[in-house]
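User: Here is the model I'd like to go through. Can we take it piece by piece?

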Amino acid sequence: MRSLAYKIGVGYFVLMSIGLVTSIFAIYNFSELGSSIEPILEETYQVAINAENLVKTLDDQDDALLMALIDDADLYRVYFNEGRDNFLVAYERTKGTSVLPKQSQLLDRIILTYRSYLQASDSLFLLLKERKTKTASNYQKFVLRPITLRLKDQCFELLAVNQEAMTQAQERIKVRTTQVTVTFVIAAILAVALSLLASFRFSKTILGPALRLTDSVRRISQGHLNQKIDVTTDDEIGELSREFNKMTERLRGYEQMNIHQIISEKKKSETIVESIADPIIVTDEENRIVLMNEAAALVLGVRDRLWMGKPLQSVVKDDRWVSGLATAPDGKATGHRKEVLLSFKKNGETLYFRPRQTMITDAQGNLEGTITLLQDVTRFKNLDRMKSEFIATVSHEFRTPLTSISMGIDILSQGAAGPVSERQRELLTAAKDDCERLRKLVKELLDLSRLESGKFETRKTSLKLRDLVDEALKPLQLPFKEQSIELDVNVPAALAPVSGDSQQLSWVIRNLVDNALRYSTAGGKVSLVASEEENVVKVSVLDTGKGIPEEAKHTIFEKFVQIKQPTETTPGSVGLGLAIAREVVEAHGGQIWVESKLGKGSTFSFTVPKSVTA
């Protein structure tokens, strides 16, 4: 079996061999180029140097002749002889390095001219020796000087010929360099082509089976378990392919074995859901309906399983039902879950349901679906309505006798029925306080009854919150001063107008501030802050009181609920204020909540929609 390591090694060896051969070829060509260029450069360079030496030594001899005319002739005869020897040495070197026929011809002419130059020089020195200075000067000017110029011209011509030879050598070097470059480029292209071909074959040999295996795994992950890989290699990938085919065979067996169990469990689940009398709706993470029993289909008015796979909002037409049944993407039920009641009319009777939701999550906690059970609370709703009607009737019947008792106490307190002692006046004052407390209780009961029944008329107008707060807090200014508690109001005058009933909203603000005052101690502080949010105005009342226990936050807005110690008393309160406040705020389309920590005070907040004219 040829393993992957063997194939990879062969592939690397081929690539390295191609690179090595290309490198050797390049080194050889550049070496040849250097060996051919060096002799050419050396020849032309040496000829140029020797030709320049000829001119230089000739200048030295000419200078010696000129100095001999004006100075010691014997002394400069010695200098002249040195220049002659140097000239002949330079001539021999030049002749030895010259390779061109034209250079040889010029050298022959130069040596003939130089011999004439030496003869003329000997004649000049002879005249100087005979003291014929004037004759020697004319001889130098008219005989020797022309020979010297002719000799220099021949030397310069030699330099010109050498320059031409250097130009030709440069052209030959350029041609040779171009040939080497083209050869190297062709060799590099061939090397790249061979490398690409080798890489392609190498990749196809190794990656081809791996890609086919990956594609089969992807298809299996999509549910296609009938995949089989053709084993075309005997390496590790071939072994993996054989094991993969065995695995798919086992998976198909497991699928065929489990599919009957899954269908059986599904039928059991559907039977259980259908057997439950209360409506049940199962939705996925995108709020599409995946399961619904007959009771739910009857409530929603859908038939023939037309709801299967459809979005909740396309099946449920009532927005309130959609808000109560839908689930947010973060896995939290949308809407207000505390007291949501969904109504449904059947045969002229109104039925009420309270949604109870259970989230279906995977092992990582991600939402996969929601089970919504609609509890039928019609009987409890009717009982609550009967209770409210009873309380409203009793409260209404209490008003007349309470008024009469209060009037009687006022008459007695004023002494209209006779003198009243101090002890009797104290008793009448206590009776008067109890009457006021009962009358406040009756009023709150009647208000709550009307709010719950929907008979309380809400007159919504555009209101400036700053004016509303000022009006609501007027009766509380004196109690704050008497109890030495600071009241801080921060309501910007430029705040957007709100839409609501001025009397009801004023009552809510006054009630929240009054509660903060009641549970604050001397030296404390109560703050009222208002701010704008997206489509609502938020009002918060903060106090520095004792705070509310965590477990009481969920019940504090219920009726007849008070958070106090057994030894504490809250005269004039029976726990209806916050319940009425919640009913008023929700009737305006807002929300009310509390944030608190024991020993650090509480913050009651509510929202009111902005006015449409804002």
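User: Let's start with R77. Is R77 buried, partly exposed or exposed?

Analyst: This is a predicted model, and in it R77 counts as partly exposed, at 29% relative accessibility.

User: What do the side chains of R77 and D122 meet in?

Analyst: They meet in a salt bridge, with 3.3 Å from N to O. D122 counts as partly exposed too, at 38% relative accessibility.

User: How do the axes of helix 2 and helix 3 cross?

Analyst: At roughly 175°, and the two axes come within 12 Å. That makes helix 2 roughly antiparallel to helix 3.

User: Which residues meet there, between helix 2 and helix 3?

Analyst: From helix 2 the residues include F80, F87, L88 and Y91, along with R77 itself. From helix 3 they include I110, I111, Y114, L118 and D122. By class, the contact has 14 nonpolar, two polar and five charged residues.

User: Back to salt bridges. How many does the structure hold?

Analyst: Eleven. Besides R77 with D122, one of them joins E130 to K132, where the closest N and O atoms are 3.4 Å apart.

User: And are E130 and K132 buried or partly exposed?

Analyst: E130 is partly exposed, with a relative accessible area of 42%. K132 also counts as partly exposed, at 41%.

User: What about E471, which residue does its side chain meet in a salt bridge?

Analyst: K474, with an N to O distance of 3.5 Å. E471 counts as partly exposed at 47% relative accessibility, whereas K474 is exposed, with a relative accessible area of 54%. The cut-off for exposed is over 50%, so K474 is above it at 54% and E471 is below it at 47%.

User: Which residues of helix 11 and helix 13 meet?

Analyst: On the helix 11 side they are L465, L468, V469, A472 and L473. In helix 13 they meet S502, L505, S506, I509, R510 and V513. Eight residues of this contact are nonpolar, two are polar and one is charged.

User: New topic. Which residues does Q140 touch?

Analyst: Leaving out residues up to four places away in sequence, Q140 touches D62, L66, L69, L124 and R145. Q140 has its place in helix 4 (residues 133-221).

User: Is Q140 buried or exposed?

Analyst: Q140 is buried, with a relative accessible area of 8%.

User: And I405, where is that and is it buried or partly exposed?

Analyst: I405 is in helix 9 (residues 378-413). It is partly exposed, with a relative accessible area of 44%. I405 and K432 are 27 residues apart in sequence, and their C-alpha atoms are 8.5 Å apart in space.

User: How many of the residues of helix 14 are buried?

Analyst: Nine of the eleven residues of helix 14 (residues 577-587) are buried, so this helix is largely enclosed by the rest of the structure. The buried residues include charged ones, R582 and E583, as well as L578, I580 and V584.

User: What follows helix 14?

Analyst: G589 follows helix 14, and its phi is positive, near 85°.

User: Last, the whole chain. How many helices and strands are there?

Analyst: The protein chain has 14 helices and twelve strands. It has 614 residues, of which 36% count as buried.

User: And how much of the contacts is between residues 24 or more positions apart?

Analyst: Such pairs account for 64% of the contacts in the protein chain with a separation of 6 or more.

Notes
Residues numbered from 1 in each chain as written. Predicted model: local features only at pLDDT ≥ 70, side-chain atom pairs only at ≥ 80, totals over all residues. Heavy atoms only, no water. Contact = heavy atoms within 4.5 Å. Helix = DSSP H or I, 4+ residues; strand = E, 2+ residues; numbered from the N terminus. Buried < 20%, exposed > 50% of the residue type's maximum accessible area, 1.4 Å probe, protein only. Salt bridge = Lys/Arg side-chain N within 4 Å of Asp/Glu carboxyl O. Axes fitted to C-alpha atoms, helices over the stretch in contact; angles between N-to-C directions. Parallel < 35°, antiparallel > 145°, perpendicular 65-115°, else oblique.
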